[in-house]
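Trainee: I have a model to go through. Can we take it in short questions?

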Amino acid sequence: MTENKFLGTHAVVIGGSMGGLLAGRVLSDFFENVTIVERDEIGDSALPRKSVPQGNHVHTIYGGGARVIERMLPGLFEQMVREGATECDFSKGLVWYHQGVWKMRVDTGLTSFWQSRPFLESHVRRHVRKIPNVKIVECCDAESLLTNEDKSQVTGILVTHRNDGNRSEELTADLVVDAAGRGSKTPAWLEELGYQKPEETTVGIDLAYASRIYERPDDSTRDWTVMGLFPTPPHNKRVGYIFPIEGQRWVVSAVGYLGDHPPDDEEEFLAFAKSLELPDFYEAIKDAKPLTPVITYRYPAQLRRRYERLSRFPEGLVVLGDAVCSFNPVYGQGMSSCALQVEVLQELLKAHAVAGRLTGLPRDFFRHAAKLIDNPWLLATNSDFLYPETTGHRPLGTAFLNWYVVRVFELCACNKRALQTFLEVLHFIKKPTALFHPALVFSVLKSSLGLKGGHQRTTARPTITD
Ligand SMILES: Cc1cc2nc3c(=O)[nH]c(=O)nc-3n(C[C@H](O)[C@H](O)[C@H](O)COP(=O)(O)OP(=O)(O)OC[C@H]3O[C@@H](n4cnc5c(N)ncnc54)[C@H](O)[C@@H]3O)c2cc1C
């Protein structure tokens with residue numbers, strides 16, 4: 001890499017989680033040096049950590065997200081699988097009960113990766129640590145933004161080193177990327193600098209997770225790798241997941257919507273499991289050996305910050321990942337969305353490198369990222385509006401869209417096109433408009449009129465078909 005290829009001498013990233021690490025990787029191609037500041041002490045650990053408490057709960061990475069990460073960090077997933085992660089077809093390997101039907105199990109060619117969240121993050125971190133011009137500084141809190149005199153340009157951040165007597169340091173940078181997650185301070189920092197805060201859209205779902213790790217039982221009769229049992233709205237609100245993780249274990253999460261929360265008590269955890277819509281989740285775990293206590297996590301609302309709508313924004317600052325949009329975790333879209341946003345940043349940096357300057361990057365980034373976020377946001381929020389208690393603005397057409405999409409979900413029990421299309425949308429490969437392909441609309445109409453090709457409700461778990 002020649003020196004004149006760089007867009008600047010230094011870029012700083014706030015947050016060393018999925019968004020921050022991937023951003024660090026991409027920035028290393030465009031800046032002489034990159035510093036990722038992370039408030040937690042991490043070391044080489046692949047254990048859940050304080051500021052990423054969701055690490056105790058089920059996490060998968062969809063094909064679309066994994067593909068992008070693999071391009072940035074070649075060999076990552078192969079290594080993860082070698083060390084215990086599971087890769088499997090999202091339909092064939094999965095038994096998924098959703099909207100009152102089991103999805104059919106066919107070869108879709110859409111694979112996902114299943115492992116604990118800390119295992120995934122530690123592998124990404126290990127790869128990023130090997131990049132010579134990237135430095136990860138732990139126990140380091142970003143406190144505020146530094147700017148030029150008229151505050152039109154962010155010129156770095158002020159940090160506190162907590163493992164060095166709370167020493168303050170000014171880190172100057174040509175570009176600051178805020179990947180500090182949902183608790184990002186950029187809205188407050190903008191206000192302090194005399195800018196408007198971004199508008200926030202929230203969709204209240206009062207969700208809670210309770211998870212524990214089990215030894216994965218040896219059972220030659222089990223023909224599935226992953227289980228997801230979703231509730232049928234509006235009356236049922238309880239979800240159950242069984243995901244394989246490294247070390248021949250399962251992470252098992254029970255989830256409850258809208259105040260119907262799972263308990264942290266071990267006995268009651270099983271009772272909650274038994275109360276799901278179908279017995280399969282309880283049956284699978286009831287005799288399995290737990291390895292950890294039950295750990296809970298509350299998630300009040302989906303949150304989207306509309307940076308793309310601000311008329312004024314300083315140069316030299318970009319915000320991404322959960323700091324911009326935090327999706328209902330039940331749909332597993334957060335990390336893939338992070339990866340795709342970082343890819344947007346990469347493409348824009350390439351374009352700016354041709355022009356040889358960074359001016360306009362934040363505006364371009366927020367505009368492109370917003371378009372990308374629109375799709376998973378629509379999928380996640382619309383489904384939540386199937387519960388009347390969900391709070392937040394219901395866009396015009398929500399009821400119709402939900403009627404239609406639920407019919408598509410039902411068709412996923414028996415119609416390969418419906419299943420393939422829905423999964424491609426979920427995996428960030430197609431846009432939600434694909435669900436309105438004329439052939440699919442025709443199938444929905446046919447099944448709604450009770451004609452041939454409709455789904456049959458059955459509680460029997462499906463086997464793999466060709
Ligand atoms: C229960 C649950 C289950 C989920 N399941 C899935 C799933 O199956 N699939 C999926 O794709 N997504 C899932 N998600 C979403 C996923 O966890 C997030 O989308 C993802 O972690 C976002 O990454 P991020 O880097 O943007 O933010 P975060 O992971 O929140 O990381 C932010 C980082 O910034 C650091 N930080 C914060 N403030 C500062 C500061 N001032 N100075 C320095 N460092 C700072 C924090 O310590 C942290 O390391 C789930 C979420 C939850 C809650």
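Trainee: Which residues does Ala-301 touch, not counting residues up to four places away in sequence?

Mentor: First, the ground rules. This is a predicted model: local features need pLDDT of at least 70, side-chain atom pairs count only at pLDDT 80 or more, and totals for chains, interfaces and linings use all residues. Residues are numbered from 1 along each chain as its sequence is written. With contact meaning C-beta atoms, placed from the backbone, within 7 Å, Ala-301 touches Thr-202, Val-203, Gly-204 and Ile-205.

Trainee: How many residues apart in sequence are Ala-301 and Val-203?

Mentor: Ala-301 sits in strand S17, residues 295-306. Strands are DSSP runs of E, at least two residues, numbered from the N terminus. The C-alpha atoms of Ala-301 and Val-203 are 5.3 Å apart in space, yet their separation in sequence is 98 residues.

Trainee: Is Ala-301 buried, partly exposed or exposed?

Mentor: Count other C-beta atoms, placed from the backbone, within 10 Å: 20 or more is buried, 12 or fewer exposed, in between partly exposed. Ala-301 has 18 such neighbours, so it is partly exposed.

Trainee: Why is strand S16 largely enclosed by the rest of the structure?

Mentor: S16 spans residues 249-256. The strand has eight residues, and the reason is that the number buried is seven.

Trainee: Which residue in S16 is the bridge partner of Tyr-214?

Mentor: Strands pair if DSSP finds at least two bridges between them. S13, residues 199-215, pairs with S16 in the antiparallel sense over eight bridges. In S16, the partner of Tyr-214 is Trp-250.

Conventions
Helix = DSSP H or I, 4+ residues; strand = E, 2+ residues; numbered from the N terminus. Contact = placed C-beta atoms within 7 Å.
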